Amino acid sequence: MSIPTDLLVHESLPMAGDRAWRENVRVLYDYLRRDMADERVQRLRRYPKNGPDHAPRTVPLVWRMARELATAYLRPAARQWRAADAVGVWAARVYAAIGVDAAMREAHEQMVALANATIWVMPVSQGVRLEIIPPHLQAVEFTPGSHDERDVKTWWFARPVVVDPQTGLREYAYAEVTKDTATWVTGPASLQGKGLWADDGANPMGTIPVVMLRGARPAPHEWWAPAPTDLLDAQRAINHDLTDVGEVARRQGYSQAYMVDPSRRS
């Protein structure tokens with residue numbers, strides 16, 4: 001029996017993790033940080049001539065929704081440690097020092113706004129620190145069919161390492177992490193090939209030290225949850241609609257009578 005032809009086109013459909021997904025997540029990430037640069041881009045696409053003269057009326061919809069819905073860590077979490085009193089006190093101090101509650105709240109906000117979030121446990125000389133890397137700056141090679149961090153073979157992420165003080169342009173370096181190694185694979189010459197956490201490029205954690213949060217279950221054989229493009233559409237729409245209303249009111253709301261040539265008859 002032959003395969004139905006309509007099933008064969010599925011290979012060309014968009015998927016979470018592709019270029020379009022990354023662009024949507026990047027824009028949502030900017031809106032989450034109340035960066036309205038996308039509003040200017042969208043405005044100029046629709047009004048290339050007079051768009052620069054419009055006064056933007058933007059609303060931080062994505063930011064507000066994330067703040068309203070990500071409420072799990074608004075108050076410090078109450079934890080009970082299954083250990084001796086001294087060990088429990090020490091563990092509580094460690095959690096407070098590395099900011100676990102703050103990291104969890106930020107990750108929860110990203111999960112609401114971007115449908116994906118990761119918390120990296122980065123080894124440092126005096127312990128560890130938690131880092132929330134935006135999803136669009138990451139890529140994953142994993143065992144097909146699994147959505148478990150333990151089944152990831154290789155994880156890549158990008159990080160800005162140099163910022164030009166004159167232009168503000170950022171240069172990114174890209175790290176490659178496996179259970180055994182952690183190295184910089186691209187970036188400035190001073191970093192390429194060097195270890196991320198150890199001089200010899202080893203991974204002292206023995207595992208990829210990341211926790212994955214998703215707002216939805218990924219599609220089969222995909223790692224990331226779909227980007228909430230409906231939220232992105234709503235954010236763009238409210239920006240455009242309020243700006244349009246404001247521009248119409250500003251340009252037509254202060255009309256003034258005038259006479260062209262009273263002596264001329266039609």
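This is a predicted model: local features need pLDDT of at least 70, side-chain atom pairs count only at pLDDT 80 or more; totals for chains, interfaces and linings use all residues.
Q: At what angle do helix H2 and helix H6 pack, and are they parallel, perpendicular or oblique to each other?
A: Helix H2 spans residues 19-32 and helix H6 spans residues 100-114, and their axes are 10 Å apart. The angle between them is about 125 degrees. Roughly perpendicular ends at 115 degrees and roughly antiparallel begins over 145, so H2 and H6 are oblique.

Q: Is the crossing of H2 and H6 left-handed or right-handed?
A: The two helices meet through Val25, Leu28, Tyr29 and Leu32 of H2 and Glu109, Gln110, Ala113 and Leu114 of H6. The crossing of H2 and H6 is right-handed.

Q: How do the residues of the contact of H2 with H6 divide into nonpolar, polar and charged?
A: H2 gives Val25, Leu28, Tyr29 and Leu32 to the contact, and H6 gives Glu109, Gln110, Ala113 and Leu114. Glu counts as charged, whereas Ala, Val, Leu and Tyr count as nonpolar. The division is six nonpolar, one polar and one charged.

Q: Is Leu114 buried or exposed?
A: Leu114 is in helix H6. Beyond residues up to four places away in sequence, Leu114 touches Val25, Leu28, Tyr29, Pro135, Pro226, Ala227 and Pro228. The cut-off for burial is under 20% relative accessible area; Leu114 has 0%, so Leu114 is buried.

Q: Which residues does Gln235 touch, not counting residues up to four places away in sequence?
A: Gln235 lies in helix H7, residues 229-252. Its relative accessible area is 0%, so Gln235 is buried. The residues touched are Tyr31, Val59, Pro60, Leu61 and Val62.

Q: How far apart in space are Gly246 and His54, C-alpha to C-alpha?
A: Gly246 is found in helix H7 and counts as buried at 13% relative accessibility. In sequence, Gly246 and His54 are 192 residues apart. In space, the C-alpha to C-alpha distance is 8.9 Å.

Q: Where does the largest share of the largest nonpolar core come from?
A: This core has 36 residues, and those with the most contacts inside it include Trp120, Trp155 and Trp223. Its largest share is seven residues, and these come from H2.

Q: How many residues are in another core that lies apart from the largest one?
A: Among its members are Ala103, Ala117, Ile119 and Ile132. The number of residues in this core is six.

Technical notes
Residues are numbered from 1 along each chain as its sequence is written. Side-chain values use heavy atoms; hydrogens and water are left out. Axes are lines fitted to C-alpha atoms, for helices over the stretch in contact, and angles run from 0 to 180 degrees between N-to-C directions. Helices (H or I, at least four residues) and strands (E, at least two) are DSSP runs, numbered from the N terminus. Angles under 35 degrees count as roughly parallel, over 145 as roughly antiparallel, 65 to 115 as roughly perpendicular and the rest as oblique. A crossing is left-handed if the near helix is turned anticlockwise from the far one by less than a right angle, and right-handed if clockwise. Contact means heavy atoms within 4.5 Å. Buried means under 20% relative accessible area, exposed over 50%, partly exposed in between (1.4 Å probe, protein chains only). A nonpolar core is a set of buried Ala, Val, Leu, Ile, Met, Phe, Trp, Tyr and Cys residues joined through side-chain atoms within 4.5 Å.
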